[in-house]
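Biologist: I have a model open on my screen and would like to learn how to read it. Could you take me through it one feature at a time?

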Amino acid sequence: MENFNHISIENISKKDFLMILQALEYTGEHMHIQAFIDLKDDLIQQLTALSDVTEAELMSLMQS
């Protein structure tokens, strides 16, 4: 098994990535696991920084 420190998301469709974000949010809220919400927030923050858009714009783009 290869040892890796980074994972690329370039091959994940925006529909699948949106589903991952929604699953993290749902699980975090309903199971009261703050780490899931923090991970979702971190992913969104990184994507908005990379794409130079707001969170609202990012979510709109992912839903289109």
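Modeller: Gladly! Let's start with surface: accessible areas come from the Shrake-Rupley method with a 1.4 Å probe, and for residues only the protein chains shown count as cover. Here the chain exposes about 5400 Å², with carbon and sulfur atoms supplying 56% of that area. Before going on, note that this is a predicted model, where local features need pLDDT of at least 70 and side-chain atom pairs count only at pLDDT 80 or more, while totals for chains, interfaces and linings use all residues. Residues are numbered from 1 along each chain as its sequence is written, and side-chain values use heavy atoms, leaving out hydrogens and water.

Biologist: Which secondary structure elements does the chain have, and in what order do they run?

Modeller: Helices (H or I, at least four residues) and strands (E, at least two) are DSSP runs, numbered from the N terminus. This chain has three helices and zero strands, in the order α-α-α. Its C-alpha trace spans about 40 × 30 × 20 Å along the principal axes.

Biologist: What share of the residues counts as buried?

Modeller: Buried means under 20% relative accessible area, exposed over 50%, and partly exposed in between (1.4 Å probe, protein chains only). Of the 64 residues here, 20% count as buried.

Biologist: Which residues make up the largest nonpolar core?

Modeller: In soluble globular proteins, nonpolar side chains tend to be buried together. A nonpolar core is a set of buried Ala, Val, Leu, Ile, Met, Phe, Trp, Tyr and Cys residues joined through side-chain atoms within 4.5 Å. The largest one here has eight residues: F17, L18, L21, I44, L47, L58, M59 and M62. Helices α1 (14–31), α2 (34–51) and α3 (55–63) each give two or more residues to this core. For a look inside, take M59: leaving aside neighbours within four places in sequence, M59 is in contact (heavy atoms within 4.5 Å) with L18, L21 and I44.

Biologist: How many salt bridges does the structure hold?

Modeller: Side chains of opposite charge can pair when their charged atoms come close. The cut-off for a salt bridge is a side-chain nitrogen of Lys or Arg within 4 Å of a carboxyl oxygen of Asp or Glu. The structure holds one, between the side chains of D41 and K40 (3.0 Å, N to O). D41 is partly exposed at 34% relative accessible area, whereas K40 counts as buried at 10%. K40 is found in helix α2 and, not counting residues up to four places away in sequence, touches L21, L24 and E25.
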